[in-house]
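Have the model open beside you as you read.

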Amino acid sequence: MTNATVLVVDDEPQIVRALRINLAARGYHVVTAHDGAAALRAVAETKPDVVVLDLGLPDMDGNEVIAGLRGWTTVPIIVLSARSDSPDKVQALDAGADDYVTKPFGMDELLARLRAAVRRSMVSSSDDGEAVVRTDAFTIDLVAKKAERAGQEVHLTKTEWGVLELLVRNRGRLVSQKQLLREVWGPTYENETHYLRVYLAQLRRKLEEEPSRPRHLLTEPGMGYRFEG
């Protein structure tokens, strides 16, 4: 598989160099990042076909990077880590990683897993979202987890962001009340529909130009909610 872009995220220069040489020799375009913040920016800017990610980064844990990416993209993520314990692997996979390779690793094995990941990426790339979603009233940055209105950042609580992010990631599609409650609050809250009325009202006050006549955060009575960009 050639012409695919691979983002290598690792703070060990010798690992980065080895991967760059081996991947470039096989026709991959290689982009590198040495910490989590740079990785998040690089995915948004370069839209790689696959990410090879170390968990032990200098500025944040690799699982935080995975969670940040999964807020807006389905790009395949292969964890390449010295952490070999089962709980570490489970945590990374639960966060959204697609595969896990333990250091030290065999290059042939990594390349085989990389080829499989790139194939999945080519199939699913048409379903990927955008990192920044703009409307005529506000802007949502799914990487930075921020909302802006009229050029000013809007403070959102963690729960407000959870509701907004889920709706934005499903732009144009109905998200049921139960799905919102389950994914934001947890499975024991599936019948607490009054939570949604309260939080949607708060989001509309903060983001919509006319909260009483919303154009983007819409209610489908008795069913759920929809974001129209």
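A salt bridge here is a side-chain nitrogen of Lys or Arg within 4 Å of a carboxyl oxygen of Asp or Glu. This is a predicted model, in which local features need pLDDT of at least 70 and side-chain atom pairs count only at pLDDT 80 or more, while totals for chains, interfaces and linings use all residues. Residues are numbered from 1 along each chain as its sequence is written, and side-chain values use heavy atoms, leaving out hydrogens and water.

**Salt bridges**

By the salt-bridge rule, the count comes to 14.

For accessibility, buried means under 20% relative accessible area, exposed over 50%, and partly exposed in between (1.4 Å probe, protein chains only). Arg-226, by contrast, is buried at 18%. Salt bridges that share partners also join Asp-10, Glu-12, Asp-54 and Lys-103 into one network.

Asp-10 and Lys-103 are both buried. Helices (H or I, at least four residues) and strands (E, at least two) are DSSP runs, numbered from the N terminus. Asp-10 sits in the loop between β1 (5-9) and α1 (13-25), and Lys-103 in the loop between β5 (99-102) and α5 (107-124), so their pairing ties together parts that are 93 residues apart in sequence.

**A buried glutamate without a salt bridge**

Which side chain of opposite charge is nearest to Glu-208? That is Arg-204, 5.4 Å away, and Glu-208 is buried yet has no salt bridge; Lys and Arg count as positive and Asp and Glu as negative, with His and the chain ends not counted. Glu-208 lies in the loop between α8 (193-207) and β11 (217-220). A polar atom of the Glu-208 side chain lies 3.2 Å from the backbone nitrogen of Arg-215. Beyond neighbours within four places in sequence, the contacts of Glu-208 (heavy atoms within 4.5 Å) include Arg-149, Pro-214 and His-216.

**The sheet beside it**

Strands pair if DSSP finds at least two bridges between them. Three strands form an open, antiparallel sheet in the order β10-β12-β11. Its edge strands are β10 (175-176) and β11, each pairing on one side only. Two bridges join β10 to β12 (residues 224-227), and Val-175 has Tyr-225 of β12 as its bridge partner.

Key:
A polar contact is a pair of N or O atoms within 3.5 Å; within protein, one must be able to donate a hydrogen and the other to accept it, and residues adjacent in sequence count only if both atoms are side-chain atoms.
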